[in-house]
Amino acid sequence: MKINWGTGIVLAFVGFISFILYFVVRMNSENRAKHDLVTEEYYKAELGYQKEINDVTNAYKLTNKLAVEKTEDGLLIAFPKDQDFNKITGKVSLYRPSNKQLDFSLPISLSKTHLLIPDKRLLDGRWDIKIAWQYNKEEYLHKQSITY
């Protein structure tokens with residue numbers, strides 16, 4: 001049987017479409033490729049975005065800024081020195097884009113002007129840090145991405 005050029009083109013298209021569909025189905029059904037949203041309640045979080053912008057602006061206006069630094073003991077978060085550390089409350093959230101199970105949050109309870117996150121809690125790789133704190137009824141937010 002002889003295949004003419006029209007049949008060859010149709011067979012090439014069918015083969016190519018089959019090849020693409022195979023990978024689409026495989027990636028959607030495989031457990032290794034989790035396609036999760038960044039937050040579980042994405043639309044609810046989106047409604048509070050203006051408050052987040054205001055909090056970031058408040059943190060930007062500070063004369064002494066919050067500093068995040070990698071040390072031998074872990075991740076050191078130094079709060080502004082002009083704020084009394086006994087009056088600072090809030091939460092530190094660490095988000096790992098590559099693995100949802102590694103995400104965690106810590107409450108801010110300071111005995112000094114800094115907070116240390118131990119080295120054993122952080123694996124090597126990229127982390128997104130979100131530090132939300134309150135001081136004298138004013139709210140602040142610091143966001144940063146680091147490679148640990």
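Is tyrosine 140 buried or exposed? At 10% relative accessibility, tyrosine 140 falls under the 20% cut-off and so counts as buried. Please keep in mind that this is a predicted model.

## Aromatic pairs

Let's stay with the rings for a moment. The structure holds five aromatic pairs. In one of them, the rings of phenylalanine 19 and phenylalanine 23 have their centres 5.0 Å apart and their planes at 80°, so this pair is edge-to-face. Tryptophan 133 and tyrosine 140 form a stacked pair, with 5.2 Å from centre to centre and 25° between the planes. Tryptophan 133 is buried, at a relative accessible area of 0%.

## Helix α1

Phenylalanine 19 belongs to helix α1, which covers residues 5-29. Phenylalanine 23 is four residues away from phenylalanine 19 in this helix, so about one helical turn separates the two. Both are partly exposed: phenylalanine 19 has a relative accessible area of 46%, and phenylalanine 23 comes to 36%. Ring pairs also join Phe19, Tyr22 and Phe23 into a cluster.

## Charges over rings

Two contacts of another kind are worth a look. The charged end of arginine 121 sits over the ring of phenylalanine 104, 3.9 Å from its centre. Lysine 65 lies over the face of tyrosine 60, at 5.3 Å from the ring centre.

## The sheet

An open, antiparallel sheet is built from three strands in the order β1-β2-β5. The edges are β1 (67-70) and β5 (114-118); each has a single partner strand, so one side of each lacks a neighbour in the sheet. On average, neighbouring strands are turned by 20° against each other, direction ignored.

Strand β2 (residues 74-78) pairs with β5 over five bridges. Isoleucine 77 stands opposite leucine 115 in β5.

Notes. Residues numbered from 1 in each chain as written. Predicted model: local features only at pLDDT ≥ 70, side-chain atom pairs only at ≥ 80, totals over all residues. Heavy atoms only, no water. Buried < 20%, exposed > 50% of the residue type's maximum accessible area, 1.4 Å probe, protein only. Pairing = 2+ DSSP bridges. Axes fitted to C-alpha atoms, helices over the stretch in contact; angles between N-to-C directions. Phe/Tyr/Trp six-rings, centres within 6.5 Å; stacked < 30°, edge-to-face > 60°. Lys NZ or Arg CZ within 6 Å of the ring centre and 35° of its normal.
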